[in-house]
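Please open the structure in a viewer and keep the sequence beside it.

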Amino acid sequence: MFKKISIFVLVFILISAVFLTHGLAKEGPFVIGLSNFSLGNSWRVQMIEEAKYYANQHKDLVKELIVTEAEGDISKQISDIEDLIVKNVDAILITAASPKALVPVVEKAMAAGIVVVDYDNLVYTDNVTAHIIVDQKEFGRVQGEWLVKAMGEKGEIIAFNGMKGTAISAERFEGAKNVFDQYPDIKIAQVVYADWDYAKAKRAMENLLAAYPKLEGVWSQGGAMSEAVIEAYLEKGLKPPPVTGEDGNGFLKIWAELRAGKYPDFDSIATSMPTWCSAKAMEVALTALAGKPFEKETVIPIPTITSDTLDQYVKPDLPDSFWCNSQLPEDIVKEMFER
């Protein structure tokens with residue numbers, strides 16, 4: 001009898017650990033706050049559009065979506081979230097400027113009975129309703145392993161990181177560096193923080209080419225940095241070495257153009273951080289508000305684009321700033337770029 005009860009309790013605990021409910025069900029429609037730490041690149045702009053589109057598709061559940069933008073300022077993001085708490089929103093979606101600095105204000109929101117779901121850049125606390133996770137270490141690891149093989153397991157590389165201090169940038173680099181550290185003949189010549197920005201990466205690569213004209217590879221987290229790195233080489237009449245990237249359309253287009261033109265043997269890999277992770281965060285928040293079961297941690301798979309699948313993702317008729325792993329319909333995309 002004791003064994004049977006123990007097994008039942010164990011199963012119940014395991015199920016409860018995965019599927020949670022958030023108190024009593026509330027009546028919608030709901031007011032949702034979205035605290036964004038920055039609109040500093042096109043990925044973040046498109047990510048907000050994905051959230052708006054999802055809200056518009058669920059007007060029976062979403063009365064209002066309030067989007068705040070902290071301009072990369074941690075103090076402003078804390079203030080933004082405090083304002084959302086004062087407004088008594090039903091849920092707050094957070095992409096965090098700092099994984100640690102936002103912990104107290106997140107706990108304040110939770111104490112006020114607000115559903116809190118973080119995504120993209122997470123807050124390092126379990127005291128949230130739910131986390132929407134893309135395994136950033138895996139993101140970096142996949143890129144790193146491809147680059148090591150493309151280089152024949154030896155040579156110097158430059159590492160291009162995103163925004164210093166953010167969880168995503170740190171975890172992607174950690175994943176890649178864990179791979180590089182296994183190969184004594186792979187040397188990281190320099191680590192650059194270019195904020196996933198085209199102009200910053202372009203200037204950095206132009207300067208680095210003078211000091212390191214014979215690099216065997218470039219590890220780039222993505223954003224617009226990978227495209228900038230390749231163009232820095234091409235403008236000097238040089239063939240780019242293997243360069244890792246992300247699913248930004250500009251990078252995918254230049255990769256396809258090189259393979260179809262001057263450098264048919266140029267190869268790369270592109271991992272993807274889906275812009276629709278904001279929509280997934282809203283979906284989980286609405287599920288929690290309805291009192292229905294949801295997962296504490298939702299892991300979004302990372303699609304990997306290779307030369308074999310490049311044609312399925314690249315959009316030659318869309319601007320470079322489009323992110324190709326998107327759930328936005330064509331008319332919304334067109335309207336977004338017209339604005």
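Two strands are said to pair if DSSP finds at least two bridges between them. Helices (H or I, at least four residues) and strands (E, at least two) are DSSP runs, numbered from the N terminus. The model is predicted, so local features need pLDDT of at least 70 and side-chain atom pairs count only at pLDDT 80 or more, while totals for chains, interfaces and linings use all residues. Residues are numbered from 1 along each chain as its sequence is written, and side-chain values use heavy atoms, with hydrogens and water left out.

**First stop: the open sheet**

Select the strands in the order β3-β2-β4-β5-β6-β13: they form an open sheet of 6 strands with parallel pairing. At its edges lie β3 (62-69) and β13 (297-299), each of which pairs on one side only. From one strand to the next the twist averages 15°; axes are lines fitted to C-alpha atoms, for helices over the stretch in contact, and angles run from 0 to 180 degrees between N-to-C directions.

Contact here means heavy atoms within 4.5 Å.

**Second stop: two helices together**

Two packed helices are described by the angle between their axes and the distance between the axes. Keep α2 and α10 in view: they pack at an angle of about 35°, with their axes 7 Å apart. Which residues make the contact between α2 and α10? On α2 they are Trp43, Met47, Glu50, Ala51, Tyr54 and Ala55, and on α10 they are Cys277, Ser278, Ala279, Met282, Glu283 and Leu286.

Ile133 has Val299 of β13 as its bridge partner.

His131 is also found in strand β6. Is His131 buried or exposed? With a relative accessible area of 5%, His131 is buried; the term buried means under 20% relative accessible area, exposed over 50%, and partly exposed in between (1.4 Å probe, protein chains only). Not counting residues up to four places away in sequence, the residues touched by His131 include Leu122, Thr125, Lys296 and Thr298. Its side chain makes a polar contact with the side chain of Asp118 (2.7 Å). A polar contact is a pair of N or O atoms within 3.5 Å; within protein, one must be able to donate a hydrogen and the other to accept it, and residues adjacent in sequence count only if both atoms are side-chain atoms.

Select strand β7 (residues 155-161) together with β9: the two pair in the parallel sense over 4 bridges. The bridge partner of Ile158 is Val218 in β9. In a regular strand the side chains alternate between the two faces of the sheet. Both faces of β9 (residues 217-220) are covered, with Gly217 and Trp219 buried on one side and Val218 and Ser220 buried on the other.

Now select β10 (243-246) and β11, which pair in the parallel sense over 4 bridges. From β10, Val243 and Gly245 point one way and Thr244 and Glu246 the other way, and all are buried. Glu246 stands opposite Thr271 in β11.

Thr271 is buried, with a relative accessible area of 0%. The side chain of Thr271 makes a polar contact with the side chain of Gln143 (3.2 Å). Among the other residues that Thr271 touches are Phe139, Val142, Ile302 and Pro303.

At the start of α5, a side-chain oxygen of Asp135 reaches to within 3.3 Å of the backbone nitrogen of Lys137. Just after the helix, Gly152 takes a positive phi of about 70°.
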